[in-house]
Amino acid sequence: MRIFLFWNLNKKDDLTANIVSLANVYQIDVFMFAECVIPIHKILGALNIDSVSEYYYVPTNCEKIIIFTKFSDEFIAPVVESDRLTIQHLQLPGSLSILLAVTHLVDKQNWDEDSQNAECTVLADSIEEAENTVEHDRTILVGDLNMNPFQAGVVNARGLHAVMTRKIALERSRIVQEKSYKFFYNPMWSLFGDGTEGPPGTYYLRKSIHKVYFWNMLDQVLIRPELLPVFNNEDLSILDNDGVTSLATEEGYPNKNNYSDHFPIKFQLNI
Amino acid sequence: MTDLWPTDIQATDLIAPYTIAKEQGKLLGNRTKNLLVGRVRRIQPRNYDFGYIFTIESPPLSYQYRLFHFYYGVGLYPVTIEPDEAVKNEVFPDSDVITACSEDEFMEVLKKIFASEKTKHLITALLTQVQE
C-alpha cells in the first residue's frame with residue numbers, strides 16, 4: 001500500500017510545517033508539489049526530523065514539479081519529461097511497477113481553452129510514449145490540470161480521454177474514426193459538489209461574471225483501467241486540513257491568505 | 001482522361017522546418033555516438049497545418065525530454081516555435097511568440113535553443129548518467 005499526495009503550494013514559502021504534518025498524520029509515501037518555492041533542503045530537512053522512514057528528493061528535469069518519496073530514488077526513474085511534466089517509472093521491490101505522471105498544465109489566465117485542450121493532446125501523447133517505453137499501461141496521472149473534469153481536453157478521445165465511471169474505463173479503449181484511444185478513469189467526478197464528504201472541489205473562484213462554477217476540480221488523479229484493481233474510490237480525498245491545522249477559511253474555501261489557494265488531494269494505491 | 005495538372009509541378013527549393021530539425025537531431029546523435037539523439041515527432045497542430053515536437057532522447061536510459069514544439073502552414077514559413085519555458089525565459093525573455101520567417105531564421109532560433117543553459121545542462125547530465 002502506498003499513499004500519494006499532490007498539492008499546488010501557490011508559491012507560499014512557509015508551508016513546511018503543514019507538509020510535515022501531512023506526512024506524519026496521513027503517512028504519505030509520495031509527495032508531489034506544484035508551484036513550490038520552498039527550498040528542497042528545507043522541506044527534506046523538516047520531513048526527516050524525527051522521522052522513522054527517511055524521505056528522499058527525486059531529481060527531475062521538470063522545474064514545475066517537486067517530488068519526495070519515502071523510498072530511495074533507486075526505485076524511481078524518469079521516462080518522459082518536459083518543463084511541465086515528469087513521468088516516472090516506479091518499480092518498488094515486490095510491488096506492481098507503475099508509471100507516475102505528474103503535471104502542472106498551463107493556466108486559464110494565460111492560455112485560452114482551445115490551447116489548453118491542445119496541450120492535453122500533447123500530454124496524452126507523452127503518456128503513450130512512456131507506456132510504449134515501459135511496455136505496460138499501469139499509469140496514473142496526477143496534477144494541477146488547470147481544467148475541470150468536464151473540459152474538452154480532459155474528456156476528448158484525442159485528449160486525456162478520462163471518463164466518469166469505472167465501467168466505461170474498464171472497456172479499456174474505444175474506436176473513433178478507425179483509431180483506438182485508451183481510457184483513463186477520472187474518480188474526481190465522484191468528489192465534485194456537496195454530495196460527498198470533504199470539500200466540493202480543490203479550487204474556489206467567485207467572480208462577478210455570468211458564467212462561474214465557484215468550485216473547480218483543477219487538481220485531479222486519472223487512472224488507467226489496468227490500475228483499477230489496486231485503487232479504491234474511498235481512498236481518494238480532497239484534504240481541507242493537514243491533519244492538525246485547517247487549510248480552509250471559516251466558510252470552507254481554501255485559505256489562500258495563510259496557505260494555498262488549492263486543497264491537496266490524497267490517494268492510495270494497493271501496490 | 002486529359003491531365004489537367006500543370007507541367008511545372010515540383011518540390012520547392014525551401015527546406016522544411018521538419019527536415020532541418022530532424023537533421024539537427026541526427027547531428028546530436030553523431031556528436032554523442034548516439035548516446036543521445038534528437039527526434040522529431042508529429043503532433044496535432046494548433047491552428048496550423050503541421051505540428052511537431054523535438055525531443056532529446058537517451059536510448060540507453062529509455063528517457064526523453066521534450067525540448068520544443070514547432071508549427072507551420074503549407075507554405076512552410078513562417079514557423080512558430082514554442083520552446084521549453086526555462087529555455088524561453090533564458091533565451092527569448094521578451095518574446096511572447098517566437099517566429100522564424102525563413103530557413104536561416106529557424107536555424108538561428110534552433111541554435112539559441114541548443115545553446116541555452118537548460119539544454120546544455122540537460123545534455124551534460126544525461127551524458128554523465130549514461131556513461132556511469
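Q: How many salt bridges are there between chain A and chain B?
A: The count is 4. Keep in mind that this is a predicted model.
Q: Which residue of chain B meets R84(A) in a salt bridge?
A: That is E85(B); the two side chains come to 3.0 Å, N to O.
Q: Which elements of chain A each supply at least two residues to the side that touches chain B?
A: Those are β5 (76–82) and α3 (113–134). Of the elements, α3(A) gives the most to that side, with 9 residues.
Q: What classes of residue make up the side of chain A that touches chain B?
A: By class, this side has 9 charged, 6 polar and 6 nonpolar residues.
Q: Back to β5(A). Which strand of chain B is joined to β5(A), and does the pair run parallel or antiparallel?
A: The partner is β3(B), residues 63–72, and the two strands run parallel, joined by 2 bridges.
Q: What is the bridge partner of E81(A) in β3(B)?
A: In that strand, E81(A) has Y65(B) as its bridge partner.
Q: New topic: area. How much do chain A and chain B bury between them?
A: About 1,700 Å², with 47% of it on carbon and sulfur atoms. Lost accessible area is often how the size of an interface is given.
Q: Last one: how many residues of each chain are in contact with the other?
A: On chain A, 21 residues are in contact with 16 residues of chain B.

Notes. Residues numbered from 1 in each chain as written. Chains lettered and ligands numbered in written order. Predicted model: local features only at pLDDT ≥ 70, side-chain atom pairs only at ≥ 80, totals over all residues. Heavy atoms only, no water. Contact = heavy atoms within 4.5 Å. Buried area = accessible area lost by both parts, 1.4 Å probe. Helix = DSSP H or I, 4+ residues; strand = E, 2+ residues; numbered from the N terminus. Nonpolar A, V, L, I, M, F, W, Y, C, P; charged D, E, K, R; others polar. Pairing = 2+ DSSP bridges.
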